[in-house]
Amino acid sequence: MSSWESQFQEESERLQAQGLLRTLFAVDSEQDTTITISGKRLLSFCSNNYLGLANHPLLKQAAISAIEKFGVGAGASRLVSGNCSLYETLENEIATFKGVEKALVFNSGYTANVGILNALIGEDDWVYFDRLNHASLFDGVKMAGSRLRVYRHKDMDQLKKLLSERPSLHRAMIVTDGVFSMDGDIAALPDLVLLANQYDAIIYLDDAHATGVLGENGKGTRAHFDLQSDRIIEMGTFSKALGGFGGFVAGSERLISYLMNKAKSLIYTTALPPSVIATAIAAIQLIQKEPSRIMRLWDNTATLREAIIAMGYDTCGSETPIIPILIGEADVAMAFSKRLIACGIYVPAIRPPTVPKGKSRLRITLMATHTKEQIALLTSSLKEIGSDLGVL
Ligand code: PMP
């Protein structure tokens, strides 16, 4: 065995011993409120498919029609010959949805964050970063080599202090999730805008979990707070509430033209398959036509959150359809998740390094299409297993 292979094995064994080894399993069904894993039908409380659009007939039909017209692959990057005309429709839809001049679609939320951040910031810039931001934001800032100042989660006093220490010749960017993906709480965007104005910073807002969920018609965190500010650069994804795949940034015409010329994750990658773009167009149109879906999502969220809090669990300040249940140790969280699977319910255990040590949790995500009976079954199982494992 080469020294590389032995190192792979040692590391896997170390992770296994700590209960942190990750493995994949195959899902053999559509993404719905129930999914099939290894022949077993499980109630799913684990997808970001908040509005239940991942298998919506209209979206499927949009993908099929696009395949029939354009085929399955883009053949080249957007700047060569892969820029299917559907991109223009989608980017216009997003710009209107977000109430900005222009939008630019990327292949995924991850590549959008890495590419955009690297195009916008460099070694001379100071970046202020919420400790619970998504890994793709961290990777983007790290790759750019900027001066990283991490502030405690939503701690505006610490952020203000750090901003005040910046030498004036350096530019400042505040990077934040809109909805935090592991705690399910919402960024204090109005406070961030005040600080950005005061310290001449811009805000890079990752609205992956807010798009299609927060604000009027799911327009996102800025709409939720009814905020207008030219200091906010918003990105979002089609991969969560919109049920498909891809990322986007929305902002001024100047910003979009700049990114089209500078963002390497847009320039040096093959364009999205046309079917994926068609799906995103159908999704963005659908959520505006059927706001009742978003209302059902919030109704389910209120029902479950109230029940979980009444049982005495710590939901980490969740305000959204992402509802964590803090467990603590990784092995207990894993045991809890396994017991739920035995009851026919899939809620993943989230462990380090995704969350800090000692903060392992169950991460429940709700869908608009969950029924009250499905939610009641989850609630009673959480109560029974929590008592058995001594975490209640
Ligand atoms: N930002 C956040 C906050 C996310 O949670 C995710 C996905 N987990 C991403 C970005 C990346 O998006 P995508 O899955 O579309 O690559």
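This is a predicted model: local features need pLDDT of at least 70, side-chain atom pairs count only at pLDDT 80 or more; totals for chains, interfaces and linings use all residues.
1. Helix α5 covers residues 109-120 and helix α10 covers residues 253-262; their axes come within 10 Å and cross at roughly 100 degrees. Angles from 65 to 115 degrees count as roughly perpendicular, so that is the label for α5 against α10. On the α5 side, the contact is made by Ile-116, Ala-119 and Leu-120, and α10 brings in Leu-255, Tyr-258, Leu-259 and Lys-262. Sort these residues by class and you get six nonpolar, no polar and one charged.

2. Now try another helix pair, α2 (residues 57-70) with α12 (residues 274-289). Here the packing angle is about 145 degrees, and the axes are 8 Å apart. The crossing of α2 past α12 is right-handed. Which residues of α2 meet α12? They are Leu-58, Leu-59, Ala-62, Ala-63, Ala-66, Ile-67 and Phe-70, and they meet Pro-274, Ser-275, Ala-278, Thr-279, Ala-282, Ala-283 and Leu-286.

3. Next, the seven-stranded sheet. Follow the strands across and you read β3-β9-β8-β7-β6-β4-β5; the sheet is open and its pairing is mixed. On average, neighbouring strands are turned by 20 degrees against each other, ignoring direction.

4. Zoom in on one pairing within that sheet. Strands β4 (residues 126-130) and β6 (residues 172-177) run parallel and are joined by four bridges. If you want a spot to look for, find Trp-126, which stands opposite Ala-172 in β6. Helix α7 (residues 156-164) packs on the sheet here, touching β4, β5 and β6, and its direction makes about 155 degrees with that of β5.

5. Another helix to check against the strands is α4 (residues 86-98). Helix α4 lies across β3, β8 (232-237) and β9 (247-251), and runs at about 125 degrees to β3.

6. There is also an open sheet of three strands, in the order β1-β2-β11, again with mixed pairing. Its edge strands are β1 and β11, each pairing on one side only. Strand β2 (residues 40-44) pairs with β11 in the parallel sense, over two bridges. Look for Ser-44, which sits opposite Tyr-346 in β11.

7. Tyr-346 turns up again when you look at ring pairs. The count of aromatic pairs comes to three. One of them is Phe-25 with Tyr-346: the ring centres are 5.6 Å apart and the planes stand at 75 degrees, so this pair is edge-to-face. Phe-25 is in the loop between α1 (3-17) and β1 (34-37), while Tyr-346 belongs to strand β11 (residues 345-346), so the pair links distant parts of the chain, 321 residues apart.

8. Most residues other than glycine have a negative phi, and most peptide bonds are trans. Ser-38 has a positive phi, near 50 degrees, without being a glycine; you'll find Ser-38 in the loop between β1 and β2. Pro-352 and Pro-353 are joined by a cis peptide bond, with omega about 10 degrees. Pro-353 lies in the loop between β12 (349-350) and β13 (360-365).

Key. Residues are numbered from 1 along each chain as its sequence is written. Side-chain values use heavy atoms; hydrogens and water are left out. Axes are lines fitted to C-alpha atoms, for helices over the stretch in contact, and angles run from 0 to 180 degrees between N-to-C directions. A crossing is left-handed if the near helix is turned anticlockwise from the far one by less than a right angle, and right-handed if clockwise. Contact means heavy atoms within 4.5 Å. Two strands pair if DSSP finds at least two bridges between them. Angles under 35 degrees count as roughly parallel, over 145 as roughly antiparallel, 65 to 115 as roughly perpendicular and the rest as oblique. Ala, Val, Leu, Ile, Met, Phe, Trp, Tyr, Cys and Pro count as nonpolar, Asp, Glu, Lys and Arg as charged, and the others, Gly among them, as polar. Rings of Phe, Tyr and Trp (its six-membered ring) pair if their centres lie within 6.5 Å; planes under 30 degrees apart count as stacked, over 60 as edge-to-face and the rest as tilted.
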